[in-house]
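We will go from stop to stop, selecting as we go.

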Amino acid sequence: MNMPAETAPEAQNVRERLLGVASELFYKNGVRAVGIDLVIERAGVAKSSLYRHFRTKDDLIVAFLEREDVDFWATWDRVAAENAGDAMAELDAQMHWIGERLGRANYRGCPQINVAAEFAEQDHPARGVARAHMRALRSRLTTIAQRLNAREPTALAAQLALLVNGAFVSAELLTPDEATDVLLGAMRALVAAAG
């Protein structure tokens, strides 16, 4: 007897449940430490359902990173829109929410950096998503640096990108109540030096 196929809304619900469970496990434990069987068990779906939505574990990892990317850039874009007329206010606000993110009790670093570090293969699809994220960050920071009339906007953007990514991987060096102030202070020093 054939089982009825999932309807479009059911399929979307199953896909989102799988992705939600995988995202939580991948972020908390690392992608290599999490097996497909654990994702299936926690999501409460059949193995065939997982493979109907994600052909391989790599496809699931890429979907996780893309989901994280959407969330990160949605926050960035909201903050940019709120500060559209003032580049320094925007940069301050961007560093502020990033600093708050660093101070979260469950913060384990940037998902893109974490996953890229797990794969030595430069052509791994997860590294491609991570590279695209880093390029987007640098591009957005370059635009802000240009709006700030920095002498060398690409150099300032590179320094700011290094600051942000360094903060992502060094969050454990900071206490939750100092992360934002340290990030803001370092950013302001870089901007002042860039004239």
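Start with the second largest pocket, which has a volume of about 180 Å³. Keep in mind that this model is predicted. Select Y107, R108, G109, A171 and E172. Of the 16 residues that line this pocket, these lie nearest its centre. Next, highlight helix 8, residues 153–170. Helix 8 gives the most to this lining, with three residues. Now colour the lining by class.

Move on to the largest pocket. About 240 Å³ of space lies there. Select Y27, E68, R104, N106 and Y107: among the 13 lining residues, these are the closest to the centre of the largest pocket. Which elements give two or more residues to this lining? They are helix 1 (8–29) and helix 4 (57–82). Helix 1 gives the most, with four residues. Colour by class again. The lining of the largest pocket has three nonpolar, three polar and seven charged residues.

Last stop: S23, in helix 1. Is S23 buried or exposed? Its relative accessibility is 7%, which is under the 20% cut-off, so S23 counts as buried. Show the side chains of S23 and R67. A polar contact of 3.3 Å joins them. Leaving aside neighbours within four places in sequence, S23 is in contact with F64 and R67.

Notes. Residues are numbered from 1 along each chain as its sequence is written. This is a predicted model: local features need pLDDT of at least 70, side-chain atom pairs count only at pLDDT 80 or more; totals for chains, interfaces and linings use all residues. Side-chain values use heavy atoms; hydrogens and water are left out. On a 1 Å grid over the protein atoms alone, a cavity is a set of points where a 1.4 Å probe fits but cannot get out, and a pocket is an open set with protein on both sides within 12 Å along at least five of seven lines; lining residues have an atom within 4 Å of a point. Grid points are joined across faces, edges and corners, and a volume is the space filled by probe spheres set on the points. Ala, Val, Leu, Ile, Met, Phe, Trp, Tyr, Cys and Pro count as nonpolar, Asp, Glu, Lys and Arg as charged, and the others, Gly among them, as polar. Buried means under 20% relative accessible area, exposed over 50%, partly exposed in between (1.4 Å probe, protein chains only). A polar contact is a pair of N or O atoms within 3.5 Å; within protein, one must be able to donate a hydrogen and the other to accept it, and residues adjacent in sequence count only if both atoms are side-chain atoms. Contact means heavy atoms within 4.5 Å.
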